[in-house]
Amino acid sequence: MLNTASLSLDQAPPISIPFRFFLTAPLFGLVAGLLLLVYGPTLFLTRWAPMTLGLTHLITLGMLAMVMCGALLQMLPVLAGSPVPAVVMVGRLCHLLITVGAGLLVSSFITGSGIANALSLSLLGAGVFLFFIAVAVALLRVKQVTHTVTAMRLAVIAFLFTLVLGLLLGSGVLSKVGFGHIAPLVDVHLGWGVLGWIGLLLIGISYQVVPMFQVTPEYPMLMRRFLAPVLFMALVVWTLLMLAAIFSLIGDFIPTLWMFLVLPGFMLYAVVTLRLQQQRKRRIPDITMKFWRIGMFSILFSSAVWIIGNVSTVVANSPQYHLLLGVGLIAGAGVSVVNGMLYKIVPFLSWFHLQNRQLSLMCMTVQVPNMKEFISDKAARYQYNVYVASLFLLFAAVTKPEWFAHMAGLVFLLSNIMLFRNLVIAMSRYYTTNQALLSYAVDSDK
Amino acid sequence: MTTITETMARDHRHCDEFFAEAEELISQGDWEQGRAKFNEFRDATENHFSMEEGILFPKFEQRTGQTMGPTQMMRMEHTQMRQLLADMEAAVTHEDDERYLGLSETMMMVMQQHNMKEEQMLYPMTDQVFAGDAEATLQEMKML
């Protein structure tokens with residue numbers, strides 16, 4: 001069966017769809033920075049503090065899921081050869097629902113408002129579910145099922161699990177039906193969100209983009225074939241073990257012991273990625289790769305922290321332990337990679353759409369800027385430096401909140417303002433060039 | 001038996017190497033060697049395009065009866081890349097490294113995603129369609 005439609009570019013959504021997601025992410029980052037700047041050390045007391053949960057969701061939903069959803073809607077036609085049905089409507093609606101839902105969720109954590117909570121859960125539920133359905137249709141229609149597509153499918157299912165668990169936890173349904181142990185279920189929600197949705201998507205995307213951006217060798221075949229499915233199954237087993245432990249059918253240590261088998265999969269991914277990047281043919285400095293490298297080291301660092309925490313009870317009982325894991329995985333791995341990816345995706349999409357228009361108009365008088373003219377290396381490098389500083393301050397704030405928390409907030413805020421500015425400059429450059437091309441088309445029609 | 005997929009993918013890697021070396025030399029300000037490497041990259045790429053446009057694509061179209069399908073898309077992307085190559089060449093002539101590096105970044109993205117589509121979809125399709133004649137087609141392309 002010949003699959004020709006999949007090579008078509010017409011199926012890519014209009015640029016305004018992914019851009020709205022990308023532009024919203026640093027705004028959530030900005031609010032997260034502001035929250036940290038104002039409330040400082042109180043956010044670093046325990047992972048269970050409502051405001052800390054709010055801050056976590058500002059980043060996971062507002063920044064990470066935001067960019068990941070926008071990028072998936074955009075990339076499915078290109079990477080998987082399968083467009084998302086009704087992508088314009090789905091994109092607009094998902095963006096609106098997730099943005100407002102995430103905003104309300106955070107405010108409900110902070111203010112304790114029941115109305116905001118109920119509203120946010122319904123909006124997020126609708127937004128993520130719509131996203132899931134649309135993307136699932138596209139992913140099921142894929143004819144050439146690559147390893148990336150497999151990982152994407154599993155990641156999207158993990159996203160749905162995360163949502164369902166989040167809704168159950170947030171609505172208080174569980175305690176009403178007599179579920180005494182909520183804490184382990186929060187860990188399951190976290191596990192599916194961080195290791196499943198973010199982790200598996202990251203792994204799947206890496207198979208395509210790491211060799212592509214740096215001209216590195218491919219990931220080993222065995223890894224591409226088995227890693228994502230094995231990790232997904234391992235998470236399913238872990239969830240069942242957690243449930244069994246909650247109902248006291250087995251000891252609490254069994255799911256933990258199982259996790260010791262799962263974790264090396266992620267560590268292997270990080271090590272192989274770093275190793276491939278070392279073997280890259282393209283040697284010139286690259287900002288996206290630097291962001292990516294921080295992400296990989298953060299995965300390794302967080303794994304080490306987790307292992308120590310489960311060997312030593314002293315570490316496990318300190319509130320800093322979970323906060324350190326949170327900063328390492330969510331900011332260190334998640335935000336770093338997402339931030340770095342934006343520096344490739346946004347300029348490339350801008351160039352790509354404009355160049356297509358230019359070619360179809362046969363217009364050689366309007367010049368399309370190249371990728372680095374949308375976002376200059378210098379601007380990206382400045383933001384990178386500020387971001388790295390904010391990450392170090394966040395780690396420092398975990399150990400000495402009263403010294404570093406406010407400062408970490410300030411620098412994280414600054415980093416997101418700079419990211420926002422860089423993205424706005426790229427988009428306005430897109431807009432002016434597009435206008436010039438459009439007016440050329442009008443003139444030549446006369 | 002050598003497949004079209006293997007041979008053509010190897011040729012992609014060959015072009016990648018010239019590309020990366022030229023980019024690195026130019027980023028270090030070594031225009032003399034950078035120019036030579038860029039020329040090698042341009043020639044290797046142009047040779048690859050003409051193998052496809054001159055032999056592989058027409059034969060594929062003949063056998064499948066599709067002229068507006070994937071091969072048309074690949075030709076369009078060749079046009080995009082030829083335009084970038086011309087701009088890069090102008091940047092080399094003017095020894096404008098900033099412009100060259102902006103263009104090469106763009107080129108890299110276009111080239112890699114183009115290669116990915118060919119290696120994952122088009123080439124396996126040609127191997128399937130040509131079956132026993134694949135090797136003869138490869139021989140013909142090497143003559144170019």
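Student: Hi! Is A:Asp187 buried, partly exposed or exposed?
Tutor: Hello! This is a predicted model, and in it A:Asp187 is partly exposed, with a relative accessible area of 28%.

Student: And which residue does A:Asp187 form a salt bridge with?
Tutor: Its partner is A:Arg47, and the closest N and O atoms of the two are 2.9 Å apart. The pair ties together parts that are 140 residues apart in sequence, because A:Arg47 lies in the loop between helix H1 (16–39) and helix H2 (50–80) of chain A, while A:Asp187 is in helix H7 (residues 183–214) of chain A.

Student: Is A:Arg47 buried or exposed?
Tutor: A:Arg47 counts as buried, at 14% relative accessibility.

Student: OK, what about A:Lys344, what is its salt-bridge partner?
Tutor: A:Lys344 pairs with A:Asp286, with 2.7 Å between the closest N and O atoms. This pair also links distant parts of the chain, 58 residues apart: A:Lys344 belongs to helix H12 (residues 319–361) of chain A, and A:Asp286 to the loop between helix H9 (253–278) and helix H10 (287–311) of chain A.

Student: Where do those two stand on accessibility, buried or exposed?
Tutor: A:Lys344 is buried at 2% relative accessibility, and A:Asp286 is buried too, with a relative accessible area of 8%. The cut-off for buried is under 20%.

Student: Switching to chain B: which residue does B:Asp43 meet in a salt bridge?
Tutor: That would be B:Arg42, at 3.2 Å from N to O. B:Asp43 is partly exposed, with a relative accessible area of 44%, and B:Arg42 is partly exposed at 22%. Elsewhere, salt bridges that share partners join A:Arg282, A:Asp286, A:Lys344, B:Glu23 and B:Glu105 into one network.

Student: How many salt bridges are there between chain B and chain A?
Tutor: The count is 5, and over all chains the structure holds 23. One pairing of the two chains is B:Glu23 with A:Arg282, whose side chains meet at 2.6 Å, N to O.

Student: Which elements of chain B touch chain A?
Tutor: Helix H1 (4–27), helix H3 (70–93) and helix H4 (97–130) of chain B each give two or more residues to that side. H4(B) supplies the largest share, 17 residues. By type, the side of chain B that touches chain A divides into 15 nonpolar, 12 polar and 9 charged residues.

Student: How much area is buried between chain B and chain A?
Tutor: About 3,400 Å², with carbon and sulfur atoms giving 65% of it. In contact there are 36 residues of chain B and 34 residues of chain A.

Student: Last one: what does UniProt place at residues 3–125 of chain B?
Tutor: An unreviewed UniProt entry places the feature "domain: Hemerythrin-like" there. In the model, that span is 90% helix and 0% strand, and its end C-alpha atoms lie 11 Å apart.

Key: Residues are numbered from 1 along each chain as its sequence is written. Chains are lettered from A and ligands numbered from 1 in the order in which they are written. This is a predicted model: local features need pLDDT of at least 70, side-chain atom pairs count only at pLDDT 80 or more; totals for chains, interfaces and linings use all residues. Side-chain values use heavy atoms; hydrogens and water are left out. A salt bridge is a side-chain nitrogen of Lys or Arg within 4 Å of a carboxyl oxygen of Asp or Glu. Helices (H or I, at least four residues) and strands (E, at least two) are DSSP runs, numbered from the N terminus. Buried means under 20% relative accessible area, exposed over 50%, partly exposed in between (1.4 Å probe, protein chains only). UniProt positions are given in the numbering used here, feature names are shortened, and annotations may be inferred rather than shown by experiment. Contact means heavy atoms within 4.5 Å. Buried area is the accessible area (1.4 Å probe) that two parts lose on being put together, summed over both. Ala, Val, Leu, Ile, Met, Phe, Trp, Tyr, Cys and Pro count as nonpolar, Asp, Glu, Lys and Arg as charged, and the others, Gly among them, as polar.
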